[in-house]
Amino acid sequence: LRSAFLIAATAFLFVGKAAAGNPATDVEWPHFGGNAYFQRYSPLDQIAASNLGELAVAWTRPSVDPAIRRALPDLQPSTYNRGTPIMVDGTLYVSNAIGLVEAFDPATGALKWVQHPLPATIKEAAGESTRGVEYWRSGDDRRIISIRGQFLHATHADDGSPVRAFGDEGKVFIRWPTTDNVSYHGTSGPLVVGDTIVIGGFGGAVREGGYGDTGAFREAAPENIRGYDVRTGHLLWTFHVMPLEDDDARQSWGNDSWKFVGNMGAWAPLSADPELGYVYAPLTAPTLSYYGGHRPGDNKYSSSLVALDARTGRLVWAQQLVHHDLWDYDAASPPVLGDVKVGGRLVKAVMQTNKPGMLFVFDRKTGEAVWPIEERPVPQSTVPGEHTSPTQPFSTRFPGVDTQGVSPADLVDFTPAIHQEAVELVSHYVTGPLFTPPSLVDSAPEGKKGTLVAPGVWGAANWNSGAFDPDSGAYFAVSRNLADVYGLFKPTDGESTSEYAILHRPAPGAPAQQPRASLPLALRLSSGLPVLKPPYGRITAYDIGAGKRLWMAPNGDDPAIRANPALKNVKLPPLLGNAGRGAPLITKTLIFLADASDAIVGQSGVHGPATLRAYDKRTGRVVWETSIPVGATGAPMTYSFHGRQYVVLPVGGAGNDVGWIAYALGSR
Amino acid sequence: MGAEPAADLLFTAEQSSLGQQLYEQKCGGCHAPDLGEGSHGPALRGEHFWATWADKSARELYGRILSTMPSGDPGSLSQRQVLALTAFILATNGYPAGATSLDSPAQLDTVKITKAAP
């Protein structure tokens, strides 16, 4: 929280000529995560449980400025409209659905400018959104820092023109060197700490798409973390996620596998402690994500949380959260920073959830665990050549953020017949506790068809998980609950370089094909229902200082599951939860969270109309809801402008061009 | 099949086949090889396809591919390539190939994507 106030206070001292806000009363949202701590928190309290009935749509905006659409009629932007605006100096800035920065008026949503040069052709207009953009200022020099495609951009906050002194006429090429020029993806956007721009991202794999968690290649580029000078765009430093020769962590890569294994980047948001000058990066799985016979050892810094010196990129500390990852169990959530009292002692903490659904708390200066972490024995692989880690780190104080492992008690049981089908279906798979490894698909009719893994490949906790309430010291995990099939086969197409890869399960109605590598998919009954019990997603509140769970509530609803014909005449709970990736906003008293859209890839989400809800942050009780035309595609944010509090939500979905909806008290 | 006659015989088998080759090169990293539910891309056949595209114009589908794909390098496909991919996706969803070649996106203007009657 303090960092947000510091930044806001700095802004008050240097109000530029273009600033239209009212510094005396405006409350900004200066980072996509609310503040550099990524708390997704604002102290605003004008909108409260007592007046939610008066909350109404203040304005909406399309996901791309209509003038661009008119000029390029074939432009059909992606409905995955990720951008959460920041609000600084009386203006909202956001990455639009084609990745260009747009500046809006906070009271009306009216366009101030679009980043230029404006696209003249579809080729130039084609692009994708990022979740966040950053703001930097020095005196009258005010810049918006953004990532679009293969470039890092600096744009004048006053008028949307490129900062010509930055890189090559306002942009810097940031693609990693890969063997076949695979594209860079920086969908979470940059982070600015002091005068350094820090970027993570992904795209180190060897195939178009750039994802290392699919396919059958073990070779990939390491997705290093990089720091750039915010004034010039010069590369200042590179943190090597694959340890260099002089780093002891190199020893965790047997068989010289450090020479060719890659990925491990931070595709989820970064966070920072500006006072310490540290940036926190959640790192991800190595290649291949599901088979590690070629990479014996713990494989540091894969699936780790690292703290880096923002000025130099020097590693301050690292904590590996999954050893020798075989599940694509990334640290995929933003590291959330907050100050908590533990046994009377003030701890500067960083809280980290990951795909397996652990919640870890570390001293963010030293990396020491605040609550004990225990290495516990885990099931061992039966796949030839695999080197399963004998133990994995378990959080001892905090129960998992969602279902971990698959047991009979976890299977769906809306009716006895549904439960029976689930039991029969699941009997064809290997099941067990958390960290049960992938297994081979046995082609014999009675053979097991792989391992049913929960949490599945998108994790219990993904980028949307994590928020912190500095008022109470509570951390909020937002999770999803689907079990995926991890069935390995031996690729024989001659192109694959891994001995084993995940076998694609054919789509219903598709003609038979050669066995192909893919990513694990959710296991569903013949009716389409997931095999696990609801809720399909949760909000779980934890008291970090006391080391305990406070409450759990479904994170929303899934209208498609509710309408499933198999559930006709079945009495369902008021909320089923949603396995999409909806992100929370915390205010003085409330949590805002919307059902996620199916425009977000990840095997889930709501198709068509959805619901935005407000929860009481102390209890998890739903205190208000309103219907939205399509589901959320990014995180909500809030600000106060000229004395009025607004809540803005990015949305997107088939057949709907609305990009952002703003709510405020009273009608427009 | 398309409800309107214009929807039938819209592209040649060669175009659809070219589209399939392109799909395997450019799209198969994220979308499933059989156009079912993919790792990082939605299903392009079956219920999900109809829920997203039924009653929309085929020109919109063309525009969406042209504007957004492949992820990470959108805008890199030529008009001819995108027409072939559009043909392949339509063919996968029950539209028959014919003798007429799909040479211009304008040919898609009047084609409404319509779910085939069972």
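# Close-up views of a predicted model

**View 1. Arg218(A) and Glu219(A) are joined by a salt bridge, with an N to O distance of 3.4 Å.** A salt bridge here is a side-chain nitrogen of Lys or Arg within 4 Å of a carboxyl oxygen of Asp or Glu. This is a predicted model, in which local features need pLDDT of at least 70 and side-chain atom pairs count only at pLDDT 80 or more, while totals for chains, interfaces and linings use all residues. Residues are numbered from 1 along each chain as its sequence is written, chains are lettered from A and ligands numbered from 1 in the order in which they are written, and side-chain values use heavy atoms, with hydrogens and water left out. Arg218(A) is partly exposed, at 25% relative accessible area, and Glu219(A) is partly exposed as well, at 27%. Buried means under 20% relative accessible area, exposed over 50%, and partly exposed in between (1.4 Å probe, protein chains only). Over all chains, the structure holds 32 salt bridges.

**View 2. A salt bridge pairs Arg364(A) with Asp273(A), their closest N and O atoms lying 2.7 Å apart.** Arg364(A) is in the loop between strands E20 (359-363) and E21 (373-377) of chain A, and Asp273(A) is in strand E14 (271-273) of chain A, so that the pair links distant parts of the chain, 91 residues apart. Helices (H or I, at least four residues) and strands (E, at least two) are DSSP runs numbered from the N terminus. Both Arg364(A) and Asp273(A) are buried.

**View 3. Chain A meets chain B through 39 residues of chain A and 36 residues of chain B.** Contact means heavy atoms within 4.5 Å. Together the two chains bury about 3,100 Å², 51% of it on carbon and sulfur atoms; buried area is the accessible area (1.4 Å probe) that two parts lose on being put together, summed over both. Between the chains there is 1 salt bridge, formed by Asp74(A) and Arg59(B) with closest N and O atoms 2.8 Å apart.

**View 4. Arg59(B) also forms a salt bridge with Asp109(B), the closest N and O atoms being 2.8 Å apart.** Because Arg59(B) lies in helix H3 of chain B and Asp109(B) in the segment after H4 of chain B, the pair ties together parts that are 50 residues apart in sequence. Arg59(B) is partly exposed at 21% relative accessibility, and Asp109(B) is partly exposed at 43%.

**View 5. The largest nonpolar core has 39 residues, of which Ile68(A), Leu61(B) and Ile113(B) touch the most other members.** Its largest share, 8 residues, comes from H4(B). A nonpolar core is a set of buried Ala, Val, Leu, Ile, Met, Phe, Trp, Tyr and Cys residues joined through side-chain atoms within 4.5 Å. Neighbours within four places in sequence aside, the residues in contact with Ile113(B) include Phe49(B), Trp50(B), Leu61(B) and Tyr95(B).

**View 6. The peptide bond from Lys300(A) to Tyr301(A) is cis, with omega near 10°.** Tyr301(A) lies in the loop between strands E15 (278-282) and E16 (304-309) of chain A. The loop between E15 and E16 of chain A also holds Ser303(A), which has a positive phi of about 45° although it is not a glycine. Ser303(A) is buried, at 1% relative accessibility. Most residues other than glycine have a negative phi, and most peptide bonds are trans.
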